[in-house]
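Welcome! Here is a short tour for anyone meeting this structure for the first time. Take a look at the sequence and the model below, then read on.

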Amino acid sequence: MGRLRARFWALWAALPQVGRDLGVTVALLALASLGCWFLLQYTGQENNSALVYVLAVVLISLLTNGYGYAVAAALVGGFCTNYYFMYPYAQFSLELAGYPVAMLSMVAISLVVCTLTARVKIQAEEAQQREQSTRALYELNEKLDREKAAIRLEKDREAMRSNILRSVSHDLRTPLTAISGAAAVLLEEDLGERNASLVSDIKTDADSLITMVENLLSVTRLQSEAAAIQKRPELLEEVAGDAVLLLRRRFPEAEVELILPQDVLVVPMDPLLIRQVIFNLLENAVRHSGAPGSLSLNLFREGEWAVTQVADQGRGLSHEVLAALAQGRDLPAQEGDASRGMGIGLSVCRSIVAAHGGSLEAENRSWGGAVFRFRLPM
Amino acid sequence: MDDTLILVVEDERTISNFICRALSSAGYKPLPAAGGKEALTLYFSHRPDLVLLDLGLPDMDGLEVLTQLREEPGEETPVIILTARDRESEKVKALDMGADDYIVKPFGVPEVLARIRTTLRHASRVSQAALGKKRARYQVGGLVVDSDSHQAFVEGREVHLTQNEFKIMELLCIHGGKVLTYDFLLKQVWGPYTSGDNQILRVNMANIRRKLGENPSRPKYILTELGVGYRLLEDG
């Protein structure tokens with residue numbers, strides 16, 4: 001039985017709208033007619049039939065779409081009342097006194113009622129639609145808020161990471177300066193050879209940590225201001241000269257020859273970052289080439305590019321390093337202390353040069369030694 | 001020199017420690033102060049000959065300390081700023097506000113001592129100049145700049161400088177050893193209404209260097225202060 005009912009409702013739902021409305025109309029009219037027939041049979045009173053039909057019309061206008069069905073039902077109801085349920089039975093007559101009035105008023109009441117219900121229904125539908133769109137809007141809003149929050153969180157997280165790196169680097173810088181400075185003061189005094197060499201080691205290591213911290217700070221600066229490095233026109237030779245002075249202060253034994261071009265190279269750049277690049281390249285050559293003696297730092301112009309080239313006379317670069325540089329990969333992790341810091345230094349160079357719209361390359365010269373070269377747009 | 005009193009304003013105890021130790025090893029008398037207020041108190045009670053001033057202090061802005069030191073009329077005690085590398089605009093501001101020189105952290109002992117020597121020498125020269133000893137001829141190593149005849153010589157050979165190039169060299173000599181900011185040089189040479197673009201100054205400087213036969217990696221006369229300005233390199 002239950003299954004049958006379910007089947008019926010499924011069928012009902014599958015019917016087109018017109019079919020359903022027609023069904024409702026016919027069913028209710030039939031029910032009303034049956035009711036009137038009973039009333040006439042058992043009470044003999046005929047005046048109530050009009051009211052039964054009015055009730056049916058109200059229900060029809062509630063359950064169907066638009067005016068049409070209810071109006072049709074009102075007309076059918078008026079006709080049936082007259083034809084079947086009033087004297088003379090089974091014939092249409094407007095002759096008895098009051099009949100036309102009763103007929104017309106019944107049809108009129110039906111029409112008014114069905115207009116009113118139709119209007120109420122439309123209003124109810126509108127209210128429902130409003131509620132639905134309000135809810136949809138609300139949900140959309142909530143979704144947007146959630147997405148915004150997620151983006152903000154991601155941004156915050158990125159900023160925090162970079163802030164942490166920066167503040168750690170800052171915090172490292174002060175004690176490292178103090179360590180290196182204190183060691184330098186001690187070295188001025190008469191320590192004896194054994195102590196002096198230990199203190200000198202302390203100073204050397206503190207200094208190379210300082211370089212590393214400066215590299216980290218440069219990277220965080222690049223990351224936090226990626227879109228906006230403060231570029232302004234600088235003399236490349238001044239920046240290069242300063243890098244050489246810095247190197248000489250750190251490695252007094254290093255010999256660097258700075259070769260200037262005839263024309264003046266004015267290049268838009270952040271001078272401190274580019275100085276870091278040149279310093280890193282020179283420092284790499286001093287520490288890793290195996291021949292810290294004589295380096296050349298060459299500045300020249302190639303079309304619209306200003307080229308800076310660092311050449312050493314050492315053992316040259318290994319295939320792994322050359323391949324990694326050519327493909328823009330990070331350097332392979334190296335064994336041993338000799339190459340400590342080389343990878344960081346070079347990848348910092350590459351990101352700084354890239355942020356300036358330039359490129360970094362390396363090669364071995366056929367007669368020995370490695371060449372690092374980077375070009376910046378003028 | 002043994003009674004040259006140097007006020008060291010630095011809140012990091014370890015840094016202050018090694019600076020003071022280095023100063024006393026070099027024969028100066030250091031006077032440490034850990035904050036801005038303490039620095040001002042010590043300054044007015046002890047009247048030091050030079051102030052080393054860290055710009056990042058816990059209780060006061062270092063620039064504010066500088067302002068208060070400079071408020072006293074006729075006050076010329078040289079001030080050297082200690083500053084972190086990435087606060088470039090701050091050190092230019094400090095120089096324009098009357099600081100004599102700056103040292104960038106992380107710094108080494110020799111650098112600090114060299115800056116102190118230069119600044120003290122410069123300060124004594126300025127007070128001589130204030131006494132009316134105006135100079136017409138400046139000589140630094142092999143470089144001679146003659147203000148009267150508008151001539152410049154390197155190692156006895158005359159160097160032909162344009163008018164602006166000569167003005168730049170003259171300014172560097174007058175303020176021998178002191179950093180001159182780009183802004184200062186631009187205004188002095190090209191007048192107060194020049195645009196902020198300092199490219200013209202840089203190109204002039206590059207030309208001066210070529211005429212003097214100067215290589216920036218081995219400066220003999222002109223030292224570049226990256227992002228700040230230039231100074232004349234005095235021997236020592």
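## Before we start

Helices (H or I, at least four residues) and strands (E, at least two) are DSSP runs, numbered from the N terminus. The expected span of a helix is 1.5 Å times one less than its number of residues.

This is a predicted model, in which local features need pLDDT of at least 70 and side-chain atom pairs count only at pLDDT 80 or more, while totals for chains, interfaces and linings use all residues. Residues are numbered from 1 along each chain as its sequence is written, and chains are lettered from A, with ligands numbered from 1, in the order in which they are written.

## Chain A and its helix α7

Let us begin with chain A, which has ten helices and seven strands. Of its 378 residues, 32% count as buried (20 or more other C-beta atoms within 10 Å of a residue's own, with C-beta atoms placed from the backbone). Two residues are in contact if their C-beta atoms, placed from the backbone, lie within 7 Å. Among chain A contacts between residues at least 6 apart in sequence, 71% join residues at least 24 apart.

Helix α7 of chain A covers residues 236–250, and its 15 residues reach 21 Å from first C-alpha to last, close to the 21 Å expected at 1.5 Å a residue. Eleven of the 15 residues of α7(A) are buried, so the helix is largely enclosed by the rest of the structure. Among them are Leu236(A), Val239(A), Asp242(A) and Leu247(A).

## Where the chains meet

Now for the two chains together: 24 residues of chain B are in contact with 34 residues of chain A. On the chain B side, α1 (13–25) and α8 (199–212) are the elements that give two or more residues, and α1(B) gives the most, with six.

## A sheet in chain B

Chain B also holds an open sheet of four strands in the order β6-β7-β8-β9, with antiparallel pairing (strands pair if DSSP finds at least two bridges between them). At the edges stand β6 (137–140) and β9 (157–159) of chain B, each with a single partner strand, so one side of each is left without a neighbour in the sheet.

Further in, four bridges join the antiparallel strands β7 (residues 143–146) and β8 (residues 151–154) of chain B. One of the bridge pairs is Asp146(B) with Gln151(B) in β8(B).

How values were computed:
Buried ≥ 20, exposed ≤ 12 C-beta atoms within 10 Å, placed from the backbone.
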